[in-house]
Amino acid sequence: PNERPLIRLAEIQEHNREAGTFWVYRGDRVYDITDWVPNHPGGEVILRAVGGSIEPYWNIFTIHQNRDVYDILEQYFIGNIDPRDLVDGKAPARLVDDPFKSDPERDSSLMVRSSRPCNAETPASELGTFITPAEKFYVRNHLWVPDVGDAEDHRLTIELIDGEEVTYSVADLRKNFREYNITATLQCSGNRRAHMTAGSRPTNGLQWQIGAISTATWTGVRLRDVLAHAGVDLNEPDEDIKHAQFVGAEAYGASISFDKAIDRHGDVMLVYAMNGQALPRDHGYPLRVLVPGHVAARSVKWLNKVILSGDESTSQWQKRDYKCFGPNVASHNVNWDDAPAIQETPVQSAITGVRQVKGDRLRDSDLARVYGLEEESVVLEGYAFAGGGREIIRVDVSPDNGKTWWQAQLLPHDKDVHDDNQKAWAWKQWRLAVPTHALHEHFCVKAVDESYNSQPEQFDAFYNFRGNLANGWHRVPVSSRS
Ligand code: MTE
Ligand code: MO
């Protein structure tokens with residue numbers, strides 16, 4: 001028997017974020033979620049949905065499409081929508097306030113994979129320089145760019161394990177802590193996903209080519225220094241602290257191990273500048289955490305909270321999306337809790353340019369001296385990178401689809417940017433000239449890091465349905481030279 005009342009849409013709309021009680025609907029069912037709001041793991045972003053349908057938001061925050069979440073919602077059921085307000089049995093989709101309307105303008109040379117949210121890769125022509133100009137740096141936004149107003153008004157809150165909070169402005173960070181510059185590469189876990197799809201089977205996610213990776217010099221203060229100031233004993237920290245969670249202003253969140261957060265050689269930073277300029281809005285203005293050597297998903301932008309905790313971040317980007325499973329696992333049979341979140345990343349490399357060079361131009365070049373080349377050659381260029389601060393020690397290139405291999409020349413830039421104690425947080429640029437007669441069918445590249453890790457030849461054996469960490473040999477047809 002349906003003893004619950006029928007509720008008009010207009011009444012639901014009155015229980016919006018200005019009201020004292022918050023209602024939402026899903027299908028034709030209405031819920032009073034007032035008591036749930038303070039417990040919502042994603043925080044206050046839930047208030048965007050109140051007074052209307054929850055569904056447009058669950059299509060963005062897909063972690064909610066899950067039995068446990070449906071069950072929580074059902075506890076707050078208060079009635080059904082009056083059939084007079086239904087069209088074909090459903091409430092009309094309401095117009096949601098456009099959260100993307102204050103997104104910044106972007107450089108037109110970026111290769112856009114999706115525009116709302118903005119996901120755009122660095123063009124190959126810009127991947128050949130060691131430092132990526134900020135406006136060419138790839139953009140990976142899961143949601144909108146939050147409008148945080150002035151840097152002066154922004155606050156970073158550190159929540160300690162006992163729940164106590166300490167708050168800093170960006171000016172406090174600049175004034176009270178030693179400033180550092182770190183040159184570090186950020187790589188999205190989906191970089192080269194399109195190659196996994198092409199080399200094996202379809203994968204879920206943005207089909208990035210080789211440009212979801214870029215390098216910048218970041219300026220800021222060390223997270224460990226700020227944590228010490230906030231009251232954490234770095235020598236004998238509380239045993240209960242296992243993770244440092246990061247919360248972004250638009251609702252994105254992720255976490256890293258507490259060990260990495262306070263590692264003297266981990267170089268985790270709170271950064272406010274990129275390549276000597278204020279952080280651009282797309283890259284986290286006014287404050288971002290930089291977690292060098294980890295997948296870029298952990299370098300949370302628009303940072304407003306650090307939580308020291310016994311638990312990982314509860315966000316979908318920690319608990320779900322950024323994990324790898326065996327080739328037999330698919331979205332219908334995955335158990336997300338079976339795999340750890342991706343943190344440090346494996347070895348990666350790519351060919352970013354292929355140029356035909358005539359012998360006379362080559363004769364006096366350093367390449368000719370290294371390789372003794374006089375005849376017509378093809379010059380290949382690219383990048384190589386490994387996570388965990390592991391240095392790239394070698395890049396091998398094959399001009400004949402993997403039969404014979406040549407060693408590329410590693411360009412020396414990064415020697416200038418880090419002192420001897422610092423780990424290798426930045427990619428290496430490499431170059432190789434190959435005589436035209438040696439070419440056959442496909443060029444391939446693979447790199448080797450200081451632990452002698454390298455890259456798999458094919459994609460099938462490590463295919464994962466989310467297409468993460470796609471680092472099979474990068475192959476380019478010999479015919480692509482220009
Ligand atoms: N931080 C917030 N707040 N929101 C986001 O969507 N995306 C993450 C990470 N930090 C993201 C975020 C992911 S998956 C990547 S790859 C990097 O930011 C991208 O950083 P970039 O846009 O500066 O290149
Ligand atoms: Mo990413």
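Reader: Which residues does Met269 touch, not counting residues up to four places away in sequence?

Author: Please bear in mind that this is a predicted model. Met269 touches Tyr180, Ile182, Trp218, Gly220, Val221, Arg222, Leu223 and Leu290.

Reader: How should I read the nonpolar core to which Met269 belongs?

Author: The general idea is that nonpolar side chains tend to be buried together in soluble globular proteins. In this case the largest nonpolar core has 95 residues, and Met269, Leu270, Val289 and Leu290 touch the most other members. At least three residues of this core come from each of domain 2 (111–338) and domain 3 (348–480). Another core, of 15 residues, lies apart from it and includes Phe22, Trp23, Ile33 and Ala91.

Reader: What percentage of the residues of the chain count as buried?

Author: Of the 482 residues, 40% count as buried. As for secondary structure, the chain has eleven helices and 26 strands.

Reader: Why does the radius of gyration of the chain agree with that of a compact globule?

Author: The comparison rests on chain length: a compact globule with 482 residues would have a radius of gyration near 23 Å, and the chain has 25 Å, which agrees. Along the principal axes, the C-alpha atoms fill a box of roughly 90 × 55 × 40 Å.

Reader: How many residues surround ligand 1, and which are the closest?

Author: Ligand 1 is surrounded by 20 residues, the closest being His142, Cys188, Gly248, Tyr252 and Ala296. Sorted by class, this shell has eleven nonpolar, five polar and four charged residues.

Conventions:
Residues are numbered from 1 along each chain as its sequence is written. Chains are lettered from A and ligands numbered from 1 in the order in which they are written. This is a predicted model: local features need pLDDT of at least 70, side-chain atom pairs count only at pLDDT 80 or more; totals for chains, interfaces and linings use all residues. A nonpolar core is a set of buried Ala, Val, Leu, Ile, Met, Phe, Trp, Tyr and Cys residues joined through C-beta atoms within 7 Å. A residue is buried if 20 or more other C-beta atoms lie within 10 Å of its own, exposed if 12 or fewer, and partly exposed in between; C-beta atoms are placed from the backbone. Domain bounds come from an automatic or database domain assignment. Two residues are in contact if their C-beta atoms, placed from the backbone, lie within 7 Å. A residue is near a molecule or strand if its C-beta atom, placed from the backbone, lies within 6 Å of it. Ala, Val, Leu, Ile, Met, Phe, Trp, Tyr, Cys and Pro count as nonpolar, Asp, Glu, Lys and Arg as charged, and the others, Gly among them, as polar. Helices (H or I, at least four residues) and strands (E, at least two) are DSSP runs, numbered from the N terminus. The radius of gyration is taken over C-alpha atoms; the globule rule is 2.2 Å times the number of residues to the power 0.38.
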